[in-house]
Amino acid sequence: MKAIEFNEMNAKIAENQQEYETLPARIYNDGFGEVISCWKLSDEEFEIIKKTKCIWLSVLTFNKGIAPVVLMVEKPEMEERQFGFENGNIVLKSKYL
């Protein structure tokens, strides 16, 4: 599996870090800090998924807890986000969250 570039990306994480592969990503610098990346399967990986219908996820937490994650098969909407106030609280104004 390889992380690939996509139109909405705005960052290349770990671009100059030899020990890591570069991760093209869309990063939202808002209160949620969402990071979206796109991964392309090799033909062999695709065949394995067709057979097993399983995907495994491994996350390095460095013993600091784990943030919520989601795996998707369809491209998520990547719109600019708007914030507003409701009842004195800051809220994200997005039709997708």
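Is Cys 38 buried, partly exposed or exposed? Hi everyone, let me start there. This is a predicted model, and in it Cys 38 comes out as partly exposed, at 31% relative accessibility. Cys 54 also counts as partly exposed, with a value of 41%.

A disulfide is a covalent bond between the sulfur atoms of two cysteines. How many disulfides does a search of the whole structure find? The count is 0.

Now let's move to the loop between helix H1, residues 43-52, and strand S6, residues 82-86. Lys 53 sits in this loop, and its phi is near 60 degrees, a positive value in a residue other than glycine. Lys 53 is also exposed, because its relative accessibility of 72% is over the 50% cut-off.

Phe 62 lies in the loop between H1 and S6 as well. Here too phi is positive, about 50 degrees, although Phe 62 is not a glycine. And is the Phe 62 side of the story buried or exposed? Phe 62 counts as exposed, at 60% relative accessibility.

My last stop is a nonpolar patch on the surface. Which residues form this patch? They are Ile 55, Leu 57, Val 59, Ile 66, Val 69 and Leu 71, and together they have about 570 Å² of accessible area. Take Val 59 from that group: its place is in the loop between H1 and S6. With a relative accessible area of 37%, Val 59 is partly exposed.

Technical notes. Residues numbered from 1 in each chain as written. Predicted model: local features only at pLDDT ≥ 70, side-chain atom pairs only at ≥ 80, totals over all residues. Heavy atoms only, no water. Patch = residues over 30% accessible without salt bridge, like charges linked within 9 Å, V, L, I, M, F, W, Y side chains within 5 Å. Areas by Shrake-Rupley, 256 points an atom, 1.4 Å probe, with all protein chains shown as cover. Salt bridge = Lys/Arg side-chain N within 4 Å of Asp/Glu carboxyl O. Helix = DSSP H or I, 4+ residues; strand = E, 2+ residues; numbered from the N terminus. Buried < 20%, exposed > 50% of the residue type's maximum accessible area, 1.4 Å probe, protein only. Disulfide = S-S within 2.5 Å.
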